[in-house]
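Subject: Structure handover

Hi,

Here is the structure I promised to pass on. Have a look at it first, then read my notes below.

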Amino acid sequence: QVQLVESGGGLVQAGGSLRLSCAASGLPFSIYAVGWFRQAPGKEREFVSAIGWSGGSRYEDSVKGRFAVSRDNAKKTVYLQMNSLKPEDTAVYYCAAGQRLTLRALDYTYWGQGTQVTVSS
């Protein structure tokens, strides 16, 4: 079966960095787009970033210039490098796989379980 497993979350001070990983199995990973979404307590899940099968990427405005998404198809893994973290970046981060690069959560078919990112001020 398809599995997406996120890792790399944790507690970091404002201004710090984290790198999230999303490891996939059970699907032809190289032809799938992978998106990153986050959900803070009491808020809707929101788009953060996504990378297409060819490497094209998209970012939510508040993370542009701070976050960078990349993929290693040989390892079936997508990474989200998060720099200059802010307290408002605190959320559970989810990766998701879908057949095209979009900003909409409903377009993604497979989801991971999420990893907590907490940024202290």
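Predicted model: local features only at pLDDT ≥ 70, side-chain atom pairs only at ≥ 80, totals over all residues.

Residues are numbered from 1 along each chain as its sequence is written, and side-chain values use heavy atoms, with hydrogens and water left out.

Back to glutamate 6, which belongs to strand β1 (residues 3-7). Strands, like helices, are DSSP runs numbered from the N terminus (E, at least two residues, for strands; H or I, at least four, for helices). Buried means under 20% relative accessible area, exposed means over 50%, and partly exposed is in between (1.4 Å probe, protein chains only). A salt bridge needs a side-chain nitrogen of Lys or Arg within 4 Å of a carboxyl oxygen of Asp or Glu. Setting aside neighbours within four places in sequence, the contacts of glutamate 6 (heavy atoms within 4.5 Å) include Trp36, Tyr94, Gln113 and Gly114, and also Cys22 and Cys95.

Those two cysteines bring me to the disulfide. The search of the whole structure turned up one, a disulfide being a pair of cysteine sulfur atoms within 2.5 Å. Cysteine 22 and cysteine 95 are the partners, at 2.1 Å from S to S. The link between cysteine 22 and cysteine 95 is right-handed, with 70° about the S-S bond. Cysteine 22 is in strand β3 (residues 18-25) and cysteine 95 in strand β9 (residues 91-98), so the bond ties together parts 73 residues apart in sequence. Cysteine 22 and cysteine 95 are both buried.

Next, the salt bridges. How many does a search of the whole structure find? It finds six. In one of them, aspartate 89 meets arginine 38 at 3.0 Å, N to O. Aspartate 89 is in the loop between β8 and β9 and arginine 38 in strand β4, so this pair ties together parts 51 residues apart in sequence. Both ends are buried: aspartate 89 has a relative accessible area of 1%, and arginine 38 has 5%. They also belong to a network of salt bridges that links Arg38, Glu46, Arg66 and Asp89. Another bridge joins aspartate 61 to lysine 64 (3.1 Å, N to O); here aspartate 61 is exposed, at 59% relative accessibility.

Then the aromatic rings. There are five aromatic pairs, counted for rings of Phe, Tyr and Trp (its six-membered ring) with centres within 6.5 Å; planes under 30 degrees apart count as stacked, over 60 as edge-to-face and the rest as tilted. Tyrosine 32 and tyrosine 110 make a tilted pair, 6.2 Å centre to centre with 50° between the planes. This pair links tyrosine 32, in the loop between β3 and β4, with tyrosine 110 in strand β10 (residues 110-111), 78 residues apart. Tyrosine 32 is buried at 9%, whereas tyrosine 110 is partly exposed at 28%. Phenylalanine 37 and phenylalanine 47 have ring centres 5.7 Å apart and planes at 75°, so they are edge-to-face. Ring pairs also link Phe37, Phe47, Tyr94, Tyr108 and Trp111 into a cluster.

Lysine 76, in the loop between β7 (67-72) and β8 (77-82), has a phi near 55°, a positive value in a residue other than glycine. Serine 84 also has a positive phi, near 50°, and lies in the loop between β8 and β9.

Cheers
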